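Open the model in your viewer and keep the selection panel at hand.

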Amino acid sequence: MLRVVVRRLLQMVLTLFALSVLMFAWLRNLPGGPAIAMLGERATPERVAALNHVFGYDQPVWVQYGRWLGRMLTGDFGTSTSSKMAVARELSQAFPGTIELSFFALAFAVALGVPLGYIAARYQGRPLDSGVIIGTLVGVSVPVFFLGYLLKAGVAVRLGWLPPSGRQSAALDATHVTNFFVLDGLLTREWDAAADAFMHLLLPALALGTIPLAVIVRITRASVLDVLNEDYVRTAEAKGLRRQTIRTRHVLRNALLPVVTAIGLQIGLLLAGAVLTETVFVFRGVGWLLADGIQERDYARLQAIILLAAVVYVFVNLIVDLSYALIDPRVRVK
Amino acid sequence: MTLGALTERKQDRLDRLAAASAESGGASLLMDALRRLVRSPVAIVGGAIIAAFVLLAAFAPLLAPHDPGVRYDELIDLGTASHIPDHAPGFPLGADNLGRDLLSRLIYGSRQTLFVGVAATLMGLFVGVVLGGIAGALGGWVDAVLMRLTDVMLAIPSLLLAISLAALASRPNQWTVIIAVATIAVPIFARLLRGSMLAQRESDHVLAARALGVREHTIVLRHMLPNAMSPVLVQATLTLAVAILDAAALSFLGLGDQDTHRAEWGLMLGEAQRYLDVRPGLAIYPAVAIVIVALGFTLLGESMREALDPKNRR
């Protein structure tokens with residue numbers, strides 16, 4: 001087990017290292033080079049040369065890379081050209097929002113997806129099953145941002161049930177400790193602030209959770225079907241175990257292994273979906289920052305976010321793989 | 001007869017047998033899958049949607065009542081800042097924000113959407129198949145290097161990768177969209193093909209061919225590749241749906257084709273977000289079109305996967 005962990009960690013470091021080299025190359029090959037990208041229309045040859053000197057772009061490539069990597073590792077991602085704030089500070093405010101949003105989206109997807117998938121498998125081939133499958137196929141075919149707009153226009157604007165945008169009502173003037181707004185409200189006992197932040201999360205989480213929901217339903221269904229046909233389930237039935245015992249101890253427990261993997265993989269994808277959802281709901285998380293950074297050609301910010309996303313994604317995948325080995329003894333043996 | 005001549009004859013016969021079995025056996029395997037495919041209602045629905053979509057794209061000039069690029073005075077006159085007409089005499093779906101015929105733009109939009117989806121998928125498929133094929137055929141360090149490369153590409157969530165690639169372009173256009181969407185498909189195709197080639201490498205028919213001294217590239221091209229392609233083709237069908245959706249997402253983020261003169265569903269949907277309060281239909285029609293087409297490719301892809309799955313063979 002330890003050897004596997006070490007090997008996977010090394011692989012992860014290598015992958016991220018290669019990625020950092022690519023990111024660095026990306027930065028250097030920006031249209032017109034980073035100095036021109038920063039100066040924009042004010043670029044003159046003298047200014048470009050001066051800026052290149054200040055930022056060390058006139059040094060050998062490997063020196064530049066070393067410095068750049070050093071800065072990245074110490075959390076110095078540079079200054080955002082659009083907000084004039086340190087990118088690290090921007091991220092420390094926005095990332096908790098995205099984590100909260102992803103958490104609720106995933107919670108919604110799991111809470112609804114696993115039971116739906118299980119029910120579809122139990123009624124395999126019946127209209128209920130077909131209905132669930134068609135629902136999942138339609139679910140993955142709807143553009144996330146369009147679904148977001150429908151929810152926003154219908155539930156928030158027309159019905160007025162939930163707030164259409166933002167992370168929290170500005171009027172509340174809530175205290176922020178961790179930048180997880182719901183948690184902050186609970187910690188500071190500003191219940192109205194927690195409730196308000198939660199209401200702001202509902203619609204974006206629903207939009208963001210649709211695709212994971214569809215994936216989780218399908219995988220749960222397929223996996224339950226596989227397990228239902230296993231010999232040990234038949235044996236359990238033959239032994240005369242109670243239905244309930246068979247379902248929970250024999251079927252669900254084994255069927256959930258692939259579902260755990262699927263959930264883990266969805267965590268990484270949520271980050272990408274968050275770009276679209278957060279833009280629709282003007283929810284100031286990392287995804288919104290990214291979309292805004294694209295409009296503004298804010299390369300320092302884009303770079304930091306993509307690197308952050310990769311680290312999170314690779315790390316989550318690693319944890320999923322390892323937890324899989326912990327849960328399933330058969331994987332451990334190999 | 002010398003031993004050499006004997007092996008040569010044997011080799012000849014094996015080649016012929018392999019070719020014959022590739023044809024009849026392969027065909028019967030494929031026919032088998034095809035038979036299951038046409039029996040599946042899901043596949044028929046998916047296929048019908050795609051057929052309708054392709055026909056719409058092919059005959060767009062005949063079907064569209066108006067020129068999609070022309071701003072009609074009668075439509076412009078009907079519209080105000082807070083009103084875009086949703087119907088007018090001769091214009092059943094009314095106008096878009098610039099006074100162009102929405103119906104014609106929707107019909108012509110199928111062309112551009114089909115083109116972007118197909119071009120991105122083919123590009124991704126081609127590069128992925130070449131890389132995966134090389135990795136699977138050669139193995140060893142080539143395989144290791146190529147697979148680490150795909151690891152790096154897969155280390156970024158795919159849409160984020162497409163966004164960062166598209167954001168690189170100083171002037172986004174339809175080709176930056178196609179390249180961005182194709183790139184994220186490459187590692188998936190490469191991994192799939194490599195995996196199924198590796199499974200072939202150790203299989204009996206390849207070992208037999210190798211033992212008989214069939215040349216390596218013949219083994220790879222004639223014995224391994226055809227048998228390894230079916231999961232890749234299934235993936236290609238599913239990728240078409242994803243490509244259309246991702247292209248729409250890029251348009252939405254302002255990274256799509258900047259030429260709004262061109263009618264493309266993703267672009268129309270992205271543009272329409274600004275007029276959502278004035279006329280939601282501008283967004284809803286292209287969105288529904290995208291959903292239907294993406295669903296068509298997904299339905300067909302999923303039923304192909306099911307039909308090719310040996311577990312479902314009866």
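Start by showing both chains. Chain A and chain B bury about 3,200 Å² between them, with 79% of it on carbon and sulfur atoms. Buried area here is the accessible area (1.4 Å probe) that two parts lose on being put together, summed over both. This is a predicted model: local features need pLDDT of at least 70, side-chain atom pairs count only at pLDDT 80 or more, and totals for chains, interfaces and linings use all residues. Residues are numbered from 1 along each chain as its sequence is written, chains are lettered from A in the order in which they are written, and side-chain values use heavy atoms, leaving out hydrogens and water.

Now widen the selection to contacts (heavy atoms within 4.5 Å).

Next, pick R218(A) and E302(B). Their side chains meet in a salt bridge at 2.9 Å, N to O. The rule (a side-chain nitrogen of Lys or Arg within 4 Å of a carboxyl oxygen of Asp or Glu) finds 1 across this interface.

Finally, select I163(B). Leaving aside residues up to four places away in sequence, I163(B) touches V275(A), L290(A), I294(A), L250(B), L253(B) and L255(B).
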